[in-house]
Amino acid sequence: MAEHPAYPVGLRLSGRRVVVLGGGQVAQRRLPALIAAGADITLVSPQATPSVEAMADAGEITWVRRPYQDGDLGEAWYALIATSDPAANTAASAEAERHRVWCVRSDDADQATAWTPATGHSEGVTVAVLTTDARGRDPRHTAAIRDAVVEGLRDGTLVAPHHRTRTPGVALVGGGPGDPDLITVRGRRLLAAADVVIADRLGPRDLLAELPPHVEVIDAAKIPYGRYMAQEAINNALIEHAKQGKSVVRLKGGDPYVFGRGMEEVQALAEAGIPCTVVPGISSSISVPSAAGIPVTHRGVAHEFTVVSGHVAPDDERSLADWPSLAKLTGTLVVLMGVDKIGKIAETLVAHGKSPETPVALVQEGTTAAQRRVDATLATVAEVVRAEEVKPPAVIVIGEVVNVGPSAAP
Ligand SMILES: C[S@@+](CC[C@H](N)C(=O)[O-])C[C@H]1O[C@@H](n2cnc3c(N)ncnc32)[C@H](O)[C@@H]1O
């Protein structure tokens, strides 16, 4: 049977009867894809793993609690034979052969009439990798090939032009805090397909170096803005490039909507009638503390965390933050853009009731090779920032969570 390679085919199982024999690990691994394919699944098995049982409880499969009996496969279109009883498996595959039901056997691929490929999904495509003959079967190798293809498509290192659905427009991509591995899969894929990338200073700058030479990379900070405000000039640049029919990625640090002016860009694009998609990103407000060993919440220590902008001092009339109220919170305060004003911020928090001994950590250039953490208290932070020359970008964490991790400073 194994002299010829298997013939690859995609079964459309929606509403069609599929019988699975055995409720162990093999069934547990295979059932989700069968459920996703819409198959009408009957599981025949005296026992099942808790996960398989949960699928039965959820009504995703019908579970017949007994061992295999002759006749179970009669009405099936497809069968998965995976009991722990070799004699039952052999009898079941003989029945499948009799009824011309394609069947997979977990214990003996050579005796099966069908093989399950290693599968993965990317961009609406299923990648399925089959071995050419059962004797040379190497499931790890097929899985590794599947992983290489799917990963490559996802992270953009394998570029397959997408003529049907590639539409010009702008993607507002949250690039994460800086480490190129911390952008989302979707963000990386869009970046790989871009004609123009308009990038901020913060975010995964290393990814820009990987872009092919035809991609135009524009530093948002260097867009000339003459009679416009800087933001308006960026909006105009996005609109102009998109109007030329190009795929434009606006790469932003962290998440586009966390102090990122993302919505202003979305609104400007909407007014200009330019299609825009927004890809969330990992915000520095959570990930930078985390990268420095600080959990923003911790059981018994902090039941809330508040992210606040420190770009204007608490006594500045432009400040929208209610610092006296923030001083009364018992959880964690995460301050972004606050290095310059931390002295005033600490003073205000203490004046409104926070203990001067409250721990503070400043994490500069988090998740990058230059990451550094400096610890202080509300009483000492202004001096420590000066003495240690802490510079933006930094995330400032205020609260007892600073001291809970094993990497907390002594
Ligand atoms: C204009 S805000 C943008 C925040 C971004 N949208 C986000 O969700 O992370 C910029 C501030 O984010 C913080 N920040 C961003 N990336 C950082 C990093 N890698 N390390 C430390 N702080 C960072 C700093 O407080 C910086 O001043």
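User: In which strand is the place of Ile41?

Analyst: Ile41 sits in strand S2, residues 40–44. Helices (H or I, at least four residues) and strands (E, at least two) are DSSP runs numbered from the N terminus. Residue numbers start from 1 along each chain as its sequence is written. The model is predicted, so local features need pLDDT of at least 70 and side-chain atom pairs count only at pLDDT 80 or more, while totals for chains, interfaces and linings use all residues.

User: Does Ile41 count as buried or exposed?

Analyst: A residue is buried if 20 or more other C-beta atoms lie within 10 Å of its own, exposed if 12 or fewer, and partly exposed in between, with C-beta atoms placed from the backbone. Ile41 counts as buried because it has 25 C-beta neighbours inside 10 Å.

User: Which residues is Ile41 in contact with?

Analyst: Two residues are in contact if their C-beta atoms, placed from the backbone, lie within 7 Å. Leaving aside neighbours within four places in sequence, Ile41 is in contact with Val18, Val20, Leu31, Leu34, Ile35, Ile61 and Thr62. By comparison, the C-alpha atoms of Ile41 and Glu388 are separated by 64 Å, and these residues are 347 apart along the chain.

User: Where is the place of Gly23, and which residues does Gly23 touch?

Analyst: Gly23 is in the loop between strand S1 (17–21) and helix H1 (25–36). Gly23 counts as buried because 26 C-beta neighbours lie inside 10 Å. Not counting residues up to four places away in sequence, Gly23 touches Leu43, Ser45, Gln47, Ala48, Thr49 and Val52. Pro8 is 15 residues from Gly23 in sequence, and their C-alpha atoms are 26 Å apart in space.

User: Into which domains is the protein chain divided?

Analyst: Domain bounds come from an automatic or database domain assignment. Here the division gives domain 1 (17–116), domain 2 (169–279) and domain 3 (285–403). The centres of domain 2 and domain 3, taken over C-alpha atoms, are separated by 29 Å. Their contact takes eight residues from domain 2 and eleven residues from domain 3.

User: Which residues does the UniProt annotation cover?

Analyst: UniProt positions are given in the numbering used here, feature names are shortened, and annotations may be inferred rather than shown by experiment. The unreviewed UniProt entry carries the annotation "domain: Tetrapyrrole methylase" for residues 170–381. That span is 29% helix and 21% strand, and its end C-alpha atoms lie 41 Å apart.

User: How many residues surround the ligand?

Analyst: A residue is near a molecule if its C-beta atom, placed from the backbone, lies within 6 Å of it. For the ligand, 25 residues form the surroundings, and the closest are Gly254, Val258, Ser283, Ser284 and Gly366. The elements giving two or more residues to this shell are helix H9 (284–291), strand S15 (359–364) and strand S17 (394–398). H9 gives the most, with three residues.

User: What is the shell around the ligand by class, and where does the ligand lie?

Analyst: Ala, Val, Leu, Ile, Met, Phe, Trp, Tyr, Cys and Pro count as nonpolar, Asp, Glu, Lys and Arg as charged, and the others, Gly among them, as polar. The shell around the ligand has twelve nonpolar, eleven polar and two charged residues. Domain 2 and domain 3 both give residues to this shell, so the ligand lies between them.

User: How many residues has the largest nonpolar core?

Analyst: In soluble globular proteins, nonpolar side chains tend to be buried together. A nonpolar core is a set of buried Ala, Val, Leu, Ile, Met, Phe, Trp, Tyr and Cys residues joined through C-beta atoms within 7 Å. The largest one has 33 residues, and Val335, Val360, Ala361, Leu362, Val395, Ile396 and Val397 have the most contacts inside it. S17 gives the most to this core, with five residues. Not counting residues up to four places away in sequence, Val360 touches Ala376, Thr377, Leu378, Val381, Ile396, Val397, Ile398 and Val402. Another core, of 31 residues, lies apart from this one and includes Ala27, Ala39, Ala48 and Val101.

User: What is phi of Met337 and of Glu365?

Analyst: Met337 has phi near 55°, a positive value in a residue other than glycine. Met337 lies in the loop between S14 and H11. Glu365, in the loop between S15 and S16, has phi near 50°, also positive in a residue other than glycine. Glu365 is partly exposed because 18 other C-beta atoms lie within 10 Å.
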